[in-house]
Amino acid sequence: MNNNLDVNWINQKDVIEKTDVKVRHDAIAKSLDLSTEQIVEKLTYLDYDKAKQLIDLIQYYVGDKLNGTGIELGAGSGIFSSVLISAGLERIYALEIVPGLTKHVIPKVAKYYLKNNSDKVIPVLGTFDKISLPDNSLDFAFEYDAFHHSKNLTITYKEIFKKLKPKGILVMIDRCHPDSMTDEELETLLNKQYSKSFLIEHGYDANIKLTRRENGENEYRKCEWLDSIYAAGFNVKIFRTFYPKVNLKQLYWYFLSKVKNEKQQQRSLIKIFLAQNFRIYLSDYYTLASMKESIFIGKTIVILEKPE
Ligand SMILES: C[S@@+](CC[C@H](N)C(=O)[O-])C[C@H]1O[C@@H](n2cnc3c(N)ncnc32)[C@H](O)[C@@H]1O
């Protein structure tokens, strides 16, 4: 029984110096009076049911792999760690680099949703680039919107690859830009400064100037994700993006544009329609394809396996 005692794999003093960690750590302190559900909503932008919907979908893809020991990388509120325990994992390390989250938020969320089973969630202060567990010891790894904070995707993937058992699974849900995105477009995104209202809403000091880059964001293209995934040695099982639901009217206009031979670049709505309605995937698994369940529109779901 750990009673949600938090474990430290890194020294709090070393990480708290980093701007992105410090602003988040300070912001957490101002959120602690909120209810557990409000904290989850604020940090993860969803509720328990939505998180469960996503894990149900993952279960559909990975079958009986949701058992044994898992790790959630960049766990934030830790809501997914709690849902993953309910779905079958025996225990899970909820790894976060922000001390306020491992000390206060992750244990609170686990107690609220898991009650007597909350000690199966082990909050860990650390970085996903250095996992202090034996090699080949984890059955399952999961990340939601955290790896785009990695400064070097190859280092991150190689570390997780080492710690997973052969046949172990890494599930990631993150944002993935198309390869056509230019460096200038990426720069513009990263240089964007947060608005005052965003800062206030998220508990930051309203007077600071904070760009997305300073907040630890990175913008990776599909080819960059895949290069690092393969460099680490993973096999790709699924690589798909949730698109908004395509309706018949859109399909009609899509076909009309084809008949008229209009050259404008667009997604293949017929592929998306078939995938969403009939689970027929006409793209290979590398291609951003739509899913039947468009519950997390815009996000990409990737399921990787460590070979035997
Ligand atoms: C956009 S948030 C997503 C949070 C979380 N997955 C959730 O569902 O609430 C990204 C999280 O990754 C964490 N993070 C960033 N870099 C990290 C690192 N090197 N190691 C562990 N966590 C990290 C951040 O502190 C932040 O909580």
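**Sheet, helix packing and ligand shell of the predicted model**

Lysine 167 is exposed, with 11 other C-beta atoms within 10 Å; on this scale a residue is buried if 20 or more other C-beta atoms lie within 10 Å of its own, exposed if 12 or fewer, and partly exposed in between, the C-beta atoms being placed from the backbone. The structure is a predicted model, in which local features need pLDDT of at least 70 and side-chain atom pairs count only at pLDDT 80 or more, whereas totals for chains, interfaces and linings use all residues. Residues are numbered from 1 along each chain as its sequence is written. Lysine 167 is found in strand S6, and its phi, near 75°, is a positive value in a residue other than glycine. Helices (H or I, at least four residues) and strands (E, at least two) are taken as DSSP runs and numbered from the N terminus.

The domain assignment of the protein chain, with bounds that come from an automatic or database assignment, gives domain 1 (7-242 + 293-305) and domain 2 (246-283). The C-alpha centres of domain 1 and domain 2 lie 33 Å apart.

An open sheet is formed by eight strands in the order S1-S4-S3-S2-S5-S6-S8-S7, with mixed pairing; two strands are taken to pair if DSSP finds at least two bridges between them. Strand S1 (7-8) and strand S7 (235-241) stand at the edges with a single partner strand each, so one side of each is left without a neighbour in the sheet. Helix H4 (residues 48-62) packs on the sheet, where it touches strand S6 (164-174), S7 and strand S8 (300-305), and its direction makes about 140° with that of S6. Such angles run from 0 to 180 degrees between N-to-C directions, the axes being lines fitted to C-alpha atoms, for helices over the stretch in contact.

Strand S8 is joined to S6 by six bridges, and S6 and S8 run antiparallel; within this pairing, isoleucine 169 has glutamate 305 in S8 as its bridge partner. S8 also pairs with S7 in the antiparallel sense, over six bridges, and threonine 241 stands opposite threonine 300 in S8. Five of the six residues of S8 are buried, so the strand is largely enclosed by the rest of the structure.

Strand S2 (residues 69-73) is likewise mostly covered, four of its five residues being buried. S2 pairs with S3 in the parallel sense over five bridges, and leucine 73 has leucine 95 in S3 as its bridge partner. S3 and strand S4 (residues 121-125) pair in the parallel sense, again over five bridges, and leucine 95 stands opposite valine 124 in S4. Helix H6 (residues 99-114) lies across S3 and S4 and runs at about 170° to S4.

Leucine 101 is found in helix H6 and is buried, with 26 other C-beta atoms within 10 Å. Leaving aside neighbours within four places in sequence, leucine 101 is in contact with Ile28, Gly76, Glu96 and Ile106, where contact requires that the C-beta atoms of two residues, placed from the backbone, lie within 7 Å. By contrast, the C-alpha atoms of leucine 101 and serine 195, which are 94 residues apart along the chain, are separated by 24 Å.

Of the 20 residues around the ligand, Thr44, Gly74, Gly76, Ala146 and His149 come nearest; a residue is counted as near if its C-beta atom, placed from the backbone, lies within 6 Å. The elements that give two or more residues to the shell around the ligand are helix H3 (36-44) and strand S3 (91-96). By class, the shell has nine nonpolar, seven polar and four charged residues, with Ala, Val, Leu, Ile, Met, Phe, Trp, Tyr, Cys and Pro counted as nonpolar, Asp, Glu, Lys and Arg as charged, and the others, Gly among them, as polar.

Aspartate 145 is placed in the loop between strand S5 (138-144) and helix H7 (153-163). Its phi, near 60°, is a positive value in a residue other than glycine, and aspartate 145 is partly exposed, with 16 other C-beta atoms within 10 Å.

In helix H12 (residues 269-278), the buried residues are Leu269, Ile272, Phe273, Ala275 and Gln276, and what covers them includes helix H11 (248-259). H12 is followed by arginine 279, whose phi is positive, near 55°.
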